[in-house]
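I opened a new notebook page for this model. I want to look up a few things and write each one down.

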Amino acid sequence: MKPHVICHMVSSIDGRIILKHWPEPGPVHGEYERTAATFDADAWMCGRITMQDFAAKGDVPKPPPPAPVQASASG
């Protein structure tokens with residue numbers, strides 16, 4: 001039997017997904033968890049970068065964000 005895979009994610013408008021800088025708990029966090037609870041999932045997974053925050057004994061240093069993309073003057 002093939003698994004049914006759902007990519008359940010939240011990101012900010014600028015594409016960052018690190019939650020520790022977001023206001024807590026916030027309505028987005030509650031909606032994310034409420035929706036996730038409806039999946040009746042047997043497992044979940046995440047990538048190495050996300051998982052290192054869960055496995056670390058302290059803060060994991062993050063690289064500085066890249067410079068913002070400049071808007072083009074032409075339309």
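Predicted model: local features only at pLDDT ≥ 70, side-chain atom pairs only at ≥ 80, totals over all residues.

**Entry 1: burial and surface**

Of the 75 residues in the protein chain, buried ones make up 1%.

**Entry 2**

How many helices and strands does the protein chain have? I found two helices and zero strands. Helix α1 covers residues 26-37. Helix α2 covers residues 48-55.

**Entry 3: a salt bridge**

I searched for salt bridges and the structure holds one. Which residue pairs with E31? The partner is R34. Their closest N and O atoms are 2.5 Å apart. The cut-off for a salt bridge is 4 Å, so this pair counts. I noted the general idea beside it: side chains of opposite charge can pair when their charged atoms come close.

Then I checked where the two residues sit. Both E31 and R34 lie in helix α1. They are three residues apart, which is about one turn of the helix.

**Entry 4: a nonpolar patch**

One is made by W44, M51 and F54. Its area is about 400 Å². I followed up on F54. This residue is in helix α2. F54 has a relative accessible area of 57%, so it counts as exposed. Patch members need over 30%, so F54 passes that cut-off.

**Entry 5: cysteines**

How many disulfides does a search of the whole structure find? The count is zero. C7 is exposed, with a relative accessible area of 63%. C46 is partly exposed, at 30%.

**Entry 6: the loop between the helices**

I turned to the loop between α1 and α2, where F39 is placed. What does F39 touch, leaving out residues up to four places away in sequence? It touches I6 and H8. I checked the spacing to I6. F39 and I6 are 33 residues apart in sequence. In space they are 8.7 Å apart, C-alpha to C-alpha. F39 is partly exposed, with a relative accessible area of 30%.

D40 lies in the loop between α1 and α2 as well. I looked up its phi and found a positive value of about 50 degrees. D40 is not a glycine. I wrote down the general rule for comparison: most residues other than glycine have a negative phi. Is D40 buried or exposed? It is exposed, because its relative accessible area of 67% is over the 50% cut-off.

Conventions:
Residues numbered from 1 in each chain as written. Heavy atoms only, no water. Patch = residues over 30% accessible without salt bridge, like charges linked within 9 Å, V, L, I, M, F, W, Y side chains within 5 Å. Areas by Shrake-Rupley, 256 points an atom, 1.4 Å probe, with all protein chains shown as cover. Salt bridge = Lys/Arg side-chain N within 4 Å of Asp/Glu carboxyl O. Helix = DSSP H or I, 4+ residues; strand = E, 2+ residues; numbered from the N terminus. Buried < 20%, exposed > 50% of the residue type's maximum accessible area, 1.4 Å probe, protein only. Disulfide = S-S within 2.5 Å. Contact = heavy atoms within 4.5 Å.
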